[in-house]
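I opened my notebook for a friendly walk through this fold. Here is what I looked up, entry by entry.

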Amino acid sequence: MRITRRWVTLAGVAALLSGCGAGGRVGPVASARSAPDPGLMPQPNAGYDAWVAAFRNRAQQQGLSDQVLGSAFRSAGFLPGVVERDRNQTEFSRSLEDYLAIVASPDKVATGRSALSQYGSLLNEIENRYGVPARVTAAVWGMESNYGARRGDIPVISATSTLAYDGRRGVFFEKQLIAALKILQNGDVTPAGLVGSWAGAMGHTQFIPTTYQAYAVDFRGDGRRDIWSDDPTDGLASTAAYLAASGWRRGVPWGQEVRVPSGFDASRAGRGNRRAAGEWSALGVRPASGGALPDHGPAALLLPTGPNGPAFLAYRNFDVILRYNNSENYGIGVGYLSDRVAGAAPLAARFPPDRNGLTIDDRQRLQQRLTARGFDTGGTDGVIGPKSEAAIRAYQASAGLPVTGQPSPAMLAQLG
C-alpha cells in the first residue's frame, strides 16, 4: 500500500495483507526482534551526509533550532533497509474473507475484549469527549498496532531523512522529517523515544508526523502529546480526536450486516449509491439479525463478494473510518472488529468458495492435514499465504505433482 492517507501503517499493512498462515502480523515493525536487521542500522553514506548538511539550512528557515537539529542527527544515519522496503513494496490483494480472518481472528477479538475491559474507563472518557464509541477506538488500536504490542522501533529521524534523501517521494518525506523535528522541539518526546515504522508511522495508532502535529492531543493536560510510551492514553484520545474532526456523528453506527433477497440486482450496491432505510427495505434488504431495518440516515450497500456473500449497509461514519485508510476492506475490518470486541457474534452469512473452489473450512482442513504430514503451514487460519504456499509446493514436490503452490479440492481429498 502506498502512502495516500494521513495516517499509515505501511510496514503493518504489508505484513498484514501478506497473510502468512496463522495470524498475519498486524501493525508496524515488531517492537522486539530476535536479531537486528543490519539494513536498519545506520550505514556510512557520503551523499546522505551532504544532503543532511544542505537540509539543515532549510530546516532552520522553518524555525528549527541548531540545538534540536544537533541532538536529532547526532545518532541518526542512512538506513539502507528503509530504502529497500520503500522500493520493494508489494501491492497485496486479499479477499475480505482472508482479511477478516487476519484482522478479526479469534485471538485478535479475545485480545481486543481484554483491552476494552482493561482500558474501559479511559475509552469511555474519550468517547464522552469526542463522541467516538470506545469499541471503535479500540478496533483502530487493534488494527494499527495489535493493541500497542507492535508500535515500531525504527528511529523516525533516520527513516524519514533516509527516504527524503533517497526515496521515491522525497518532498513528502522531507515534510515528515520537518514535522518530526518540530515534535522534538516541542518537547513531546526525546530523540531516543521518537521511533516508529520504517515509513515513519508512530505510536499506538500509527500517526505520520504531519498528522501528529495536526491532530494529536494531550488528553491529561500534562504538557506532552505522548503516543509512544506504554501508556496508550494520548494515542487513543488522538485517534478519537481525528475521527471526530473528520466528521464522526455521535449515535450513528459505522454500518451493519444485512441480507439481500434472492436475485438482488448487484448494480444497486456501491458507495456511490446511497439510499434511505425505507428505500432499502422496499428492495428487500433486511438486518442479518432479523427485524426491521433501522434508520441511521442514507446508507450504501456493500457486496464485497457479490449478492451471495456477506452484505453490509455502510453509514456516514463508515466514510469517516476511510479517512484513516481509504480501503473498503479496512473500513469493514474496523467496523466488524469493533462489533466483535463489544460482544457481537461472527458474521451471519458465509463467504462463497474461493477461486480454487475451497471454503475457509476447507482451507483450514488443508492446512491441518499438511501440517500433520510435516509440511508446516505456519498455522491453520484458512488464509493461504506465503507459508501455506511453501508447504503446498513442498507437498506437491514430494508427491510427484506439478508444483504450483496452489490448493485445490483434489489436494484436500488426497490428504484426507
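**Entry 1: a pocket**

I began with the second largest pocket, which has a volume of about 400 Å³. I kept in mind that I was working from a predicted model. I found that 17 residues line this pocket, with Arg94, Ser95, Asp98, Asp354 and Arg355 nearest its centre. Sorting the lining of the second largest pocket by class, I noted seven charged, five polar and five nonpolar residues.

**Entry 2: leucine 100**

Next I turned to helix H5, residues 96-103, where leucine 100 lies. Is leucine 100 buried or exposed? I read 5% relative accessibility for leucine 100, and because the cut-off for buried is under 20%, leucine 100 counts as buried. What does leucine 100 contact beyond its neighbours within four places in sequence? I listed Ser105, Gly333, Tyr336, Leu347 and Phe351 as its contacts. I also checked leucine 100 against tyrosine 330: they are 230 residues apart along the chain, yet 9.2 Å separates their C-alpha atoms.

**Entry 3: threonine 162**

I then looked at threonine 162, which lies in helix H9, residues 156-166. Its relative accessibility is 0%, so threonine 162 counts as buried. Setting aside neighbours within four places in sequence, I found threonine 162 in contact with Tyr48, Gly77, Phe78, Leu79, Val82, Val83 and Gly167.

**Entry 4: the cores**

I reminded myself that nonpolar side chains tend to be buried together in soluble globular proteins. How many residues does the largest nonpolar core have? I got 86, and the residues with the most contacts inside this core are Phe55, Phe73, Ile157, Leu181 and Leu194. I followed up on phenylalanine 73: not counting residues up to four places away in sequence, it touches Tyr48, Val52, Phe55, Arg56, Ile157, Ser161, Leu177 and Leu181. I noted a second, separate core of 13 residues too, with Val258, Val260, Ala299 and Leu301 among them.

**Entry 5: the sheet**

Last, I traced an open sheet of five strands, in the order E4-E6-E7-E3-E5 and with antiparallel pairing. Which strands are at the edges? I marked strand E4 (274-275) and strand E5 (286-287), each of which pairs on one side only. I also looked at strand E3, residues 255-259, and strand E7, residues 311-314, and counted four bridges in their antiparallel pairing. Within this pair, I saw glycine 255 opposite alanine 314 in E7.

How values were computed. Residues numbered from 1 in each chain as written. Predicted model: local features only at pLDDT ≥ 70, side-chain atom pairs only at ≥ 80, totals over all residues. Heavy atoms only, no water. Helix = DSSP H or I, 4+ residues; strand = E, 2+ residues; numbered from the N terminus. Buried < 20%, exposed > 50% of the residue type's maximum accessible area, 1.4 Å probe, protein only. Contact = heavy atoms within 4.5 Å. 1 Å grid on protein atoms, 1.4 Å probe; cavity = no way out; pocket = protein on both sides within 12 Å on 5 of 7 lines; lining within 4 Å. Points joined across faces, edges and corners; volume = space filled by probe spheres on them. Nonpolar A, V, L, I, M, F, W, Y, C, P; charged D, E, K, R; others polar. Core = buried A, V, L, I, M, F, W, Y, C linked by side-chain atoms within 4.5 Å. Pairing = 2+ DSSP bridges.
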